Amino acid sequence: MDPIQILGHLHREPFQPIRVCLSDGSSYEVTHPELALVTRTEVAIAIRPAAGKLPDHMVYCDPLHITRIEPLNGAKSKSASKKRRA
């Protein structure tokens, strides 16, 4: 996925928590925009503990392996394609 598209999800106002899905089947939740850092070659995502305090650790993903970004609340994102009606 293009890093600019990823930034678009993080800078959306108001911010909507997202799930970042990777080509290996793993996924990571981003509940606050400051918990992810996007560069041209890497996306760093802070993993929060259950208690919600400081992050436990970071995961580093290649943007090329990010297959989709979906909202955590289950609603379709604005970038999702719409079904055609017959």
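**Entry 1: Glu 29 and its partner**

I began with Glu 29, which is partly exposed in this predicted model, its relative accessible area being 44%. I then looked for a charged partner and found Arg 19, which forms a salt bridge with Glu 29 across 3.3 Å between the closest N and O atoms. I noted that Arg 19 belongs to strand β1 (residues 18-22) and Glu 29 to strand β2 (residues 27-30), so the bridge ties together parts of the chain that are 10 residues apart in sequence. For Arg 19 I wrote down a relative accessibility of 22%, which places this residue in the partly exposed class, since buried would require a value under 20%.

**Entry 2: Arg 19 again, from the side of Glu 70**

Which side chain meets Glu 70 in a salt bridge at 3.1 Å, N to O? I found that it is Arg 19, the residue I had already recorded as the partner of Glu 29. Here the pair links distant parts of the chain, with Glu 70 in strand β6 (residues 66-71) and Arg 19 in strand β1, 51 residues apart.

**Entry 3**

I next checked Arg 68, whose side chain meets that of Glu 70 in a salt bridge with an N to O distance of 3.0 Å. Arg 68 counts as partly exposed, at 44% relative accessibility. For the structure as a whole, I recorded 3 salt bridges.

**Entry 4: cysteines**

How many disulfides does the structure hold? I recorded 0, and I then looked up the accessibility of two cysteines, Cys 21 and Cys 61. Are they buried or exposed? Cys 21 is buried, with a relative accessible area of 5%, and Cys 61 likewise counts as buried, at 5% relative accessibility. I kept in mind that a disulfide is a covalent bond between the sulfur atoms of two cysteines. My entry therefore leaves Cys 21 and Cys 61 as buried residues in a structure with 0 disulfides.

Definitions and conventions: Residues are numbered from 1 along each chain as its sequence is written. This is a predicted model: local features need pLDDT of at least 70, side-chain atom pairs count only at pLDDT 80 or more; totals for chains, interfaces and linings use all residues. Side-chain values use heavy atoms; hydrogens and water are left out. A salt bridge is a side-chain nitrogen of Lys or Arg within 4 Å of a carboxyl oxygen of Asp or Glu. Helices (H or I, at least four residues) and strands (E, at least two) are DSSP runs, numbered from the N terminus. Buried means under 20% relative accessible area, exposed over 50%, partly exposed in between (1.4 Å probe, protein chains only). A disulfide is a pair of cysteine sulfur atoms within 2.5 Å.
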